[in-house]
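Please look over the structure shown here before reading the report.

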Amino acid sequence: MRLILLGPPGAGKGTQAQRLVEKHGIPQLSTGDMLRAAVKAGTEVGKRAKAIMDAGGLVSDEIVNQIVSDRVGEPDAARGFILDGFPRTVPQAEALTRILAGKGQELDAVIELKVDENALLKRMEKRVADTKAAGGQVRADDNPESFKKRLDEYREKTAPLSKYYAGTGQLKTVDGMADMDTVTAEIEKLVAAAVNA
Ligand code: AMP
């Protein structure tokens, strides 16, 4: 099963992706996690990405396309994967189609979590509070200024993907304002339908 989770920052993509990982035994491919790992490791990519990420901007398509192309070729992704945070632009979506076509693969579904934008800042603040309470490290871009920029980037560059995937007939939507378990159940229904289609 090859799946994309779409939605603005704070929509719950990461949480839902984790649940899909547990249920289906396929990896979550989060470009944000991969970039944060590159920053931490101090790689060339990490050095190029750090300032952009901290400010809430988007890293270049060239960098993330290469990361994803390499990652989907790894053995654990052979049975499928859940893409979380990629694609974020229409050119990335086009690149993904090419990457998968090169392997004779295609997507099974694109699931968009629809959320009320007014709730997102509060969700980010809760994530920060929960992380701090658990003694964890708060993300450098989880602050009001960078978050606003992330939302602006989403509206301008990522939201057009809904139309793009509606055009390919792959887009499904879920009410991301429902409680977490309901969202999970809705996603599972869509996944089952897509896999049996
Ligand atoms: P995320 O963990 O998905 O919220 O991503 C954190 C940050 O990593 C984003 O704000 C971007 O700076 C960068 N990033 C992650 N995925 C992408 C992508 N597909 N395209 C460009 N930048 C990305």
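The report covers the pockets, the annotated sites and an aromatic pair.

## The model and its largest pocket

The structure is a predicted model. Its largest pocket holds about 1,200 Å³ of space. A total of 48 residues line this pocket, and those nearest its centre are Gly10, Lys13, Gly14, Arg127 and Arg139. By class, the lining consists of 17 nonpolar, 17 polar and 14 charged residues.

Several helices and strands contribute at least two residues each to the lining of the largest pocket. The strands are E1 (2–6) and E2 (28–30). The helices are H1 (13–24), H2 (31–41), H6 (120–133), H7 (144–158) and H9 (180–196).

## Annotated binding site

An unreviewed UniProt entry gives the feature "binding site" at Gly10, Ala11, Gly12, Lys13, Gly14, Thr15, Arg127 and Ala178. In the model, the lining of the largest pocket includes Gly10, Ala11, Gly12, Lys13, Gly14, Thr15, Arg127 and Ala178.

Gly12 sits in the loop that links E1 and H1. Leaving aside residues up to four places away in sequence, Gly12 touches Leu113 and Arg123. Ala178 sits in the loop between strand E5 (171–175) and H9.

## Second largest pocket

The second largest pocket has a volume of about 360 Å³. Its lining is made up of Arg36, Val39, Lys40, Lys50, Met53, Asp54, Gln137, Val138, Arg139, Ala140 and Asp141.

Sorted by class, the residues lining the second largest pocket are four nonpolar, one polar and six charged. Arg139 is part of this lining, and Arg139 is also one of the residues that lie nearest the centre of the largest pocket.

## Aromatic pair

How many aromatic pairs does the structure hold? There is one. Tyr164 and Tyr165 form this pair, with 4.9 Å from centre to centre. Their planes are 85° apart, and the arrangement is edge-to-face; the label applies because planes over 60 degrees apart count as edge-to-face.

Tyr164 has a relative accessible area of 22%, so it is partly exposed. Tyr165 has a relative accessible area of 1%, so it is buried.

Terms used: Residues are numbered from 1 along each chain as its sequence is written. This is a predicted model: local features need pLDDT of at least 70, side-chain atom pairs count only at pLDDT 80 or more; totals for chains, interfaces and linings use all residues. Side-chain values use heavy atoms; hydrogens and water are left out. On a 1 Å grid over the protein atoms alone, a cavity is a set of points where a 1.4 Å probe fits but cannot get out, and a pocket is an open set with protein on both sides within 12 Å along at least five of seven lines; lining residues have an atom within 4 Å of a point. Grid points are joined across faces, edges and corners, and a volume is the space filled by probe spheres set on the points. Helices (H or I, at least four residues) and strands (E, at least two) are DSSP runs, numbered from the N terminus. Ala, Val, Leu, Ile, Met, Phe, Trp, Tyr, Cys and Pro count as nonpolar, Asp, Glu, Lys and Arg as charged, and the others, Gly among them, as polar. UniProt positions are given in the numbering used here, feature names are shortened, and annotations may be inferred rather than shown by experiment. Contact means heavy atoms within 4.5 Å. Rings of Phe, Tyr and Trp (its six-membered ring) pair if their centres lie within 6.5 Å; planes under 30 degrees apart count as stacked, over 60 as edge-to-face and the rest as tilted. Buried means under 20% relative accessible area, exposed over 50%, partly exposed in between (1.4 Å probe, protein chains only).
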